[in-house]
Amino acid sequence: MTSGLLLAFLVLLSLHVASCRVFAAEDPIPGPWPDSFFATLARNGTKADGAPTGTDVQAKYYDYSNRNAPLYRQDCSKNGITSTFLLLGKEGYIFTKASEACVHVTLPVAVVKPEWMQGGEYQGTEVVNNVPSNLWIKADHRYYESVTAPKRPTRVFTPFDQLGTAHQEDYGTFTEVQHTPGTFDIPAYCPAAPALLLLDTTPELAARGALSVARGLGATGGVGRAVDPAGCFI
Ligand SMILES: *[C@@H]1O[C@H](CO)[C@@H](O)[C@H](O)[C@H]1NC(C)=O
């Protein structure tokens, strides 16, 4: 994905928005998320050629209480196999317990902030999986949050990653929690892991799909299948 194409998307979005809606001061604003949460969701996607990616199931562990060193872990299962992405500040690890395979990647940005969706343009309400939800659009992301308390995301749509894949995440649960010790520990087999170099990316792209930056080298080096047998990240 080139930054030129990304810019075109942003320009198109702002033209569209400017022409069809006047924003009211009383429009609701999304979030912010609690500093620390656990969420489960189902994700499906569509590749650039229109082919579906299939569905995977994810558990997200998020802890932004230390703004200088946010913590994030994503367990992703597909066809009964689980791969994990761990992001400590900007240091990322993709691994699988089953084979103790791991790669290390340094990203330009950390996980998104609890208030990342604020500033999005409010679109009104829609029903998502039987839950009335407010919808905002920001930089082509669509963020749905339940209308009534406890407020929680119900769906997040991301328009593309660097391979042109669009994703839809449907949230099942979203709970404010303190994570148990060890949740964000780097596995013992990771410190010696090979490092992946960053491919063509931008902070904006990395923020929306931090994992996608590791794809190219993982695939060409054959490392990808070993560390991500579920095929969720690479
Ligand atoms: C996800 O699946 C739903 C239901 O089949 C479909 O409507 C939607 O377009 C899919 N989203 C993506 C990004 O592929």
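Biologist: Which residues surround the ligand?
Modeller: This is a predicted model. Two strands, β1 (36-46) and β11 (166-176), each supply at least two residues of the shell around the ligand. The residues that surround the ligand are N44, G45, T46, A166, H167 and Q168.

Biologist: How many residues of the shell around the ligand are polar?
Modeller: The shell around the ligand holds one nonpolar residue and no charged ones. Alanine counts as nonpolar, and A166 is among the residues around the ligand. The number of polar residues in the shell is five.

Biologist: Which residue in β3 is the bridge partner of D63?
Modeller: Strand β2 (residues 52-63) runs antiparallel to strand β3 (residues 71-78), and seven bridges join the two. The bridge partner of D63 in β3 is L71.

Biologist: Which residue takes a positive phi in the hairpin of β3 and β4?
Modeller: Two residues lie between the strands of this hairpin. The residue with a positive phi, near 50 degrees, is N79.

Biologist: What percentage of contacts in the chain between residues at least 6 apart in sequence join residues at least 24 apart?
Modeller: The secondary structure of the chain comes to four helices and 12 strands. Of the 234 residues in the chain, 31% are buried. Among contacts between residues at least 6 apart in sequence, the share joining residues at least 24 apart is 53%.

Notes: Residues numbered from 1 in each chain as written. Predicted model: local features only at pLDDT ≥ 70, side-chain atom pairs only at ≥ 80, totals over all residues. Near = placed C-beta within 6 Å. Pairing = 2+ DSSP bridges. Buried ≥ 20, exposed ≤ 12 C-beta atoms within 10 Å, placed from the backbone. Contact = placed C-beta atoms within 7 Å.
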